[in-house]
Structure formats: C-alpha cells, structure tokens
Amino acid sequence: MKVQHVSLCFLGTMLFLCSVHARGLRRCLVSMDTHHIRERFQEIKTALQAKDTFQNVTILSTSETLHGIMPLDTCCMTKNLLAFYVDRVFKDHEELSPHILRNLSSIANSLLYLQKTLQRCDQKLCPCREEATNKTRVIHSIYDQLEVPSAAIKSLGELDVFLAWIDKNHHQETSTTNDKEPV
C-alpha cells in the first residue's frame with residue numbers, strides 16, 4: 001500500500017511539473033503574424049530574386065536545413081534564423097533603390113521585434129539542442145561559401161521560405177500546445 005502511495009505521489013508530482021513547464025512554453029510563444037512582413041516582401045521579391053546570380057544554390061530551401069525540424073527545436077531554430085537575418089543578412093546587404101530599401105527596413109524592424117521578444121524567453125523554455133545547432137551551422141556554412149553580396153541577396157530572396165516555415169511551425173506549436181496536455 002505504501003509503495004502505491006509513493007508511486008501515485010511521484011506520478012502526481014511529474015504531471016504537475018510537466019503542466020507548469022507547458023504553461024511556461026505558452027507564455028514564451030510569440031504572436032508571429034507574418035502577414036505584414038509577407039506584404040512588404042511581395043513588393044520587392046521579384047527585384048531581389050532578379051539580382052540573384054546563383055540560381056542553382058539555395059540556403060534555406062534545401063531539405064537538410066528547415067525540413068524535419070523537431071517541434072522541440074522550433075523555438076531555437078526560429079531564434080537562430082532571426083539572428084541570422086538581423087545580424088548578418090540585412091547588415092551585409094547594400095541596396096541603392098529607395099523603394100526596396102524602405103521595404104527591407106520595415107521587414108528588418110519586424111524581424112528585430114520578433115527577435116527581441118524571443119530573447120526575453122527563459123533559456124529553459126527555448127533550449128537549443130544539437131540538431132538545431134547543426135542545422136544553423138549548415139545555413140551559415142552555405143552563406144559563407146558565397147561572396148557576401150551574393151549570399152545576402154540569396155538569403156533575402158528566400159525570405160518567403162523562412163516566413164512560410166514560421167507560419168507552419170508556429171501554427172503547429174500553438175495548436176499542439178493548446179490541444180494536448182503534456183504527459
């Protein structure tokens with residue numbers, strides 16, 4: 001009888017800790033409405049992709065990078081990709097067209113806002129596992145193999161791939177978190 005009581009107490013404690021962790025994840029979820037970013041990107045997509053001189057190379061579109069990211073790695077991968085765009089791509093890109101520059105500035109500010117919001121999450125709520133770290137390295141490696149201006153144009157031209165990935169994974173993460181209680 002005592003063994004059953006201890007087992008039930010242990011199980012109850014584990015369920016409680018899991019539910020606290022899940023509530024923490026819900027607080028960490030960021031509203032990632034990419035509609036505004038998509039609109040801005042659509043206005044300049046053709047012009048950016050026309051400047052892409054390496055049509056046979058992809059940075060984000062390869063199956064090794066964004067496809068197959070585990071749900072546990074979504075937060076980390078999102079943070080890493082936001083940092084990639086904010087800290088590298090937008091800084092490396094030089095634009096002469098005021099129209100494109102205005103749209104890129106708006107996109108960069110929106111991504112910077114998302115990045116700052118995610119940085120406030122506790123590291124325990126957004127852990128970076130080895131798989132996410134390795135996929136981030138692959139993206140940086142491909143970027144580094146190209147000349148800086150070409151790499152920046154290529155990455156900007158693939159921004160819609162990143163936005164689609166955010167939409168898909170954020171929706172899955174939200175519905176998974178809201179629909180299922182952790183076990």
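How many salt bridges does the count come to, if a salt bridge is a side-chain nitrogen of Lys or Arg within 4 Å of a carboxyl oxygen of Asp or Glu? The count comes to 7.

A quick word on the model: it is predicted, local features need pLDDT of at least 70, side-chain atom pairs count only at pLDDT 80 or more, and totals for chains, interfaces and linings use all residues. Residues are numbered from 1 along each chain as its sequence is written, and side-chain values use heavy atoms, with hydrogens and water left out.

The protein has 7 helices and 0 strands (DSSP runs: H or I of at least four residues for helices, E of at least two for strands, numbered from the N terminus). Buried residues (under 20% relative accessible area; exposed is over 50%, partly exposed in between, with a 1.4 Å probe and protein chains only) make up 40% of the 183 residues.

| Pair | Closest N and O atoms |
|---|---|
| Lys-51 and Glu-95 | 2.9 Å |
| Arg-129 and Asp-73 | 2.9 Å |
| Asp-144 and Arg-88 | 2.4 Å |

Lys-51 sits in the loop between α2 (35–50) and α3 (74–92), and Glu-95 in the loop between α3 and α4 (98–119), 44 residues apart. Lys-51 is partly exposed at 37%, while Glu-95 is buried at 12%.

Arg-129 lies in the loop between α4 and α5 (130–145) and Asp-73 in the loop between α2 and α3, so this pair ties together parts 56 residues apart in sequence. Asp-73 is buried at 0%, whereas Arg-129 is partly exposed at 34%.

Asp-144 in helix α5 and Arg-88 in helix α3 are 56 residues apart. Asp-144 is partly exposed at 49%, and Arg-88 is partly exposed at 22%.
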